[in-house]
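Colleague: I would like to learn how to read a few features of a model like this one. Could we begin with the core?

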Amino acid sequence: MRAELRVGLACLTELRMSSGAGSGMCLLLGATGVGKTLLVKRLQTILPRWALSSRDGKGDLGDPPLTRPTVGTNLTDIVAQKKITIRELGGCMGPIWSSYYGNCHSLLFMVDASNPTQLSASCVQLLGLLSAEELAEASVLILFNKMYVSESDLPCYMTIEEMKSLIRLPDLIACAKQNITTVEISARKGTGLSDVLRWLQDTHRTNG
Ligand SMILES: Nc1nc2c(ncn2[C@@H]2O[C@H](COP(=O)(O)OP(=O)(O)O)[C@@H](O)[C@H]2O)c(=O)[nH]1
Ligand SMILES: [Mg+2]
């Protein structure tokens, strides 16, 4: 067996075996259609590859699997040193998102970067989340999905920097109680997904 494959398999085994060491709940929220379900499916696909190839997770992911609008909640376990349970809540459940805030260690909030018309609604949702008492201790990752990187995904007439400035993201980050990170991804193409896994692993290492 090739040396790097052996190291990769050992690393994967270590990731799997350490799953009993503790688990953490991660909420995945955002409007309907932003790409939450596809993100979770893609994370599951790249996780073994990510463990085997020194955490880069690169490679062709092929056509995206079909997703249906999530009605209710969708639970998925990701094992990245610890077991992390990602709970996606359908966008239509917005009015009762708060019922799920308890025991939440981290929050993934997704925005559709190809749809600036949805931005103000997403901003209102985000403000509500950041001001929720039960989420004061949660680490937050804001995902700008469907990122257009040199024709790799949908074109958009507004840049990410313009979007961030429109929702006054620097001020939000400065004033929020939570530790907030942002990342630009394409769940379709796979761009930025290893950054999401790395963030989950780092966040739940101390937090989960
Ligand atoms: N172009 C593009 N489409 C995406 C991306 N992520 C998700 N989609 C598509 O957006 C639609 C809604 O995705 P879904 O994951 O069901 O959204 P959800 O309602 O937030 O769970 C599907 O057709 C996905 O294939 C992306 O990064 N780029
Ligand atoms: Mg969904």
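Modeller: A nonpolar core is a set of buried Ala, Val, Leu, Ile, Met, Phe, Trp, Tyr and Cys residues joined through C-beta atoms within 7 Å, where buried means 20 or more other C-beta atoms within 10 Å of a residue's own, exposed means 12 or fewer, and partly exposed lies in between, with C-beta atoms placed from the backbone. In the largest such core, of 38 residues, Cys26, Leu107, Leu108, Phe109 and Leu143 touch the most other members. Among the elements that each supply at least two residues of this core are strand S1 (23–30), strand S4 (104–112) and helix H3 (119–130); helices (H or I, at least four residues) and strands (E, at least two) are DSSP runs numbered from the N terminus. This is a predicted model, in which local features need pLDDT of at least 70 and side-chain atom pairs count only at 80 or more, while totals for chains, interfaces and linings use all residues. Residues are numbered from 1 along each chain as its sequence is written, and chains are lettered from A and ligands numbered from 1 in the order in which they are written.

Colleague: Which residues of H3 are buried, and which are exposed?

Modeller: An α-helix has 3.6 residues a turn, so residues three or four places apart point the same way. In H3, Ser122, Leu126, Leu129 and Leu130 are buried. They cover an arc of only 90 degrees around the axis (taken from the directions from the helix axis to the C-beta atoms), which puts them on the same side of H3. Ser120, Ala121 and Val124, on the other side of H3, are exposed.

Colleague: Which residues are closest to ligand 1?

Modeller: Of the 20 residues that surround ligand 1 (C-beta atom, placed from the backbone, within 6 Å), the closest are Gly35, Lys36, Thr37, Thr67 and Arg188.
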